Amino acid sequence: MISIKHIVPLLFFCISAFPALAQQPDSLHELKLQSVQEAIEFALENNPDLDVYNLNYQKAGKEVSISKSSRYPAISGTFTGQYNRDLPTSVLPGEIFGQPGQMIETQFGQEYNYNTGITISKNILDWQSRMKTKIAEAQVMVTGAETDLYRQHLSEQVAFYYYTAIITQKALQISEKDRSIADSLLFLTQQNFEKGMVERSALNHAKINVNNIDQSIAESTLMYDQAVSNLKILLGLEADAGIHFEDQAAITSTALPDSPQVEADKELALFMQQTDQTMFNVRLQKAAYLPKLSLTSYWGQQQFRDDFGLSFNGSDWNPYSYIGFSLSVPIFNGFAKRNQVNVAKIERSIAQQNLQQEQIQTEIQDQLLLSNYRNSLSKVESAYDTYRLWDQNRTLALQKYEKGLIALAEYFKTFEDYLKAENNYLNTLSSMYSYYSTIISRQ
C-alpha cells in the first residue's frame, strides 16, 4: 500500500512538472499555423538538415582553431633509457697510455645512460601554415554561405508546400460544393428519365459529371496529402503529427504586394566565397617557394651508469641543454611546385568566370521572377472574375433547367465551362504562389 509520505512527493512532482508539459509545442500532435512566416520560422528552428549545416559550420570554426595552433610553440617532456650492449671503440695514440709508437683500441662510454628533459619547438617563419589558416578561415565563410543558401531553399520549399496545402484545401471545398450540385442534378435527371422526359444519354452524362468531380476531389486530396507530408519533413515533425492551417485568407491575391523587393540570391554569395578560397589556394602553392625557419630548445639532464638501475640523487645527473635552429630553402623538386601553382591559377580563373556568369544569370532570373509574379497577379484577378461569372451562369442555367426553359445538354455545357474556369483559376493561383514562395525566401 502507498503511504502518504510517498503520495505527497509524487503530487509535488506532478504539479511542478505540469507547466513544463504544458509548454511543450503542440507540434507533437497538432501544429497550428497562423501564417506562412510562422511556418518558415518553425522550420528554421526544427529542420534536421539545417542542424547538420549548423554543425558543419561549427566544425569549420574548430578547424580554424586547429590550424592556428601552429603559431604556438610545441612543448613536450621526454624520458629515454638506453642499454649499450657494445660500447663504441676508438683508436688512440699509445703515448696517452705510456706505449709510444702504438695505436691502442679503447672503448668509451658506459653501458647504461638515461636522458630526461623538456623540448620546445617553434616555427618562426612558415608561410604555408599561415596560408592554410587563411584557407581554413575561408572555408568557414563558404560553410556559412552554404548554410544561408540552404535556409533560403528551406524557406522557399516551406512556403510552396504551405500555399499548395491551402489552395488544395480551398479546391476541395469548391469541389464538395460542385459534388452536391452534381448529386442534385443526377437525382433530378434520374426522376426525369423514369418519367420518360429525358434519354439515357442524359442520365449517363449526369453520372459522368459526378464521376469527374469525384476524380477532381481525389486528385486534390492527393496533392493536399503530399503537401502536408512534405511540410512535416521540412518542419521536423513526427509522422503522426497533424497540421492545421488557420490562414485561409492567404489565398487571395489582394493580400500580396504589387512590387516586392528581393535580396540577392544566396547562391551568388556562395560563388563569391568559393572564388575567394581559390585565391588563398594560389597563395598557398606559391608559399612552397619560401624558406621555413624553426627554432628548437632542449633543457634536460643525463645519467650514465655501469649497472642496470636509476638514481634520483641530483649529484648523479649531469645537465644537458641546447638551442638549435633549422632553415629549409626549397631549390628543386622536378617542377612539381610550379605545376601546382599553375593548376591553382587555372582553378581561380574558372571560379572567377563562373562567378561572372552566375552574376549575369542571377540578374536575368530575378528580373524574370518579378515579371512573372506581376503577370500572375493580373492573371489571377481575371481568372477569378471569369470563375465568378461562370459560377453565376451555372446557377442561372440550373434554375432555367429546373423550370424547363433550357435543355439538359445546354446546362451541362454551362457546367463544363464553369469547371474549366474553376480549374484555370486554381492553376493560376497556384502558379502565382509558386513565384511568391521564391520571393518570400529572398526577403
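View 1. Two strands are taken to pair if DSSP finds at least two bridges between them, and strands (E, at least two residues) and helices (H or I, at least four) are DSSP runs numbered from the N terminus. Strand β7 (residues 292-305) runs antiparallel to β8 and is joined to it by 11 bridges, and Gln302 has Asn318 of β8 as its bridge partner. This is a predicted model, in which local features need pLDDT of at least 70 and side-chain atom pairs count only at pLDDT 80 or more, whereas totals for chains, interfaces and linings use all residues. Residues are numbered from 1 along each chain as its sequence is written, and side-chain values use heavy atoms, leaving out hydrogens and water.

**View 2. The ring pair of Phe79 and Tyr114.** Rings of Phe, Tyr and Trp (its six-membered ring) pair if their centres lie within 6.5 Å, with planes under 30 degrees apart counted as stacked, over 60 as edge-to-face and the rest as tilted. The structure holds 23 aromatic pairs; in the pair of Phe79 and Tyr114 the centres are 6.2 Å apart and the planes at 15°, so this pair is stacked. The pair links Phe79 in strand β2 with Tyr114 in strand β5 (residues 112-125), 35 residues apart.

**View 3. The ring pair of Tyr401 and Tyr411.** These rings are stacked, at 6.5 Å centre to centre and 25° between the planes. Tyr401 lies in helix α7 (residues 336-402) and Tyr411 in helix α8 (residues 408-441). Ring pairs link both into a cluster whose members include Tyr384, Phe412 and Tyr418.
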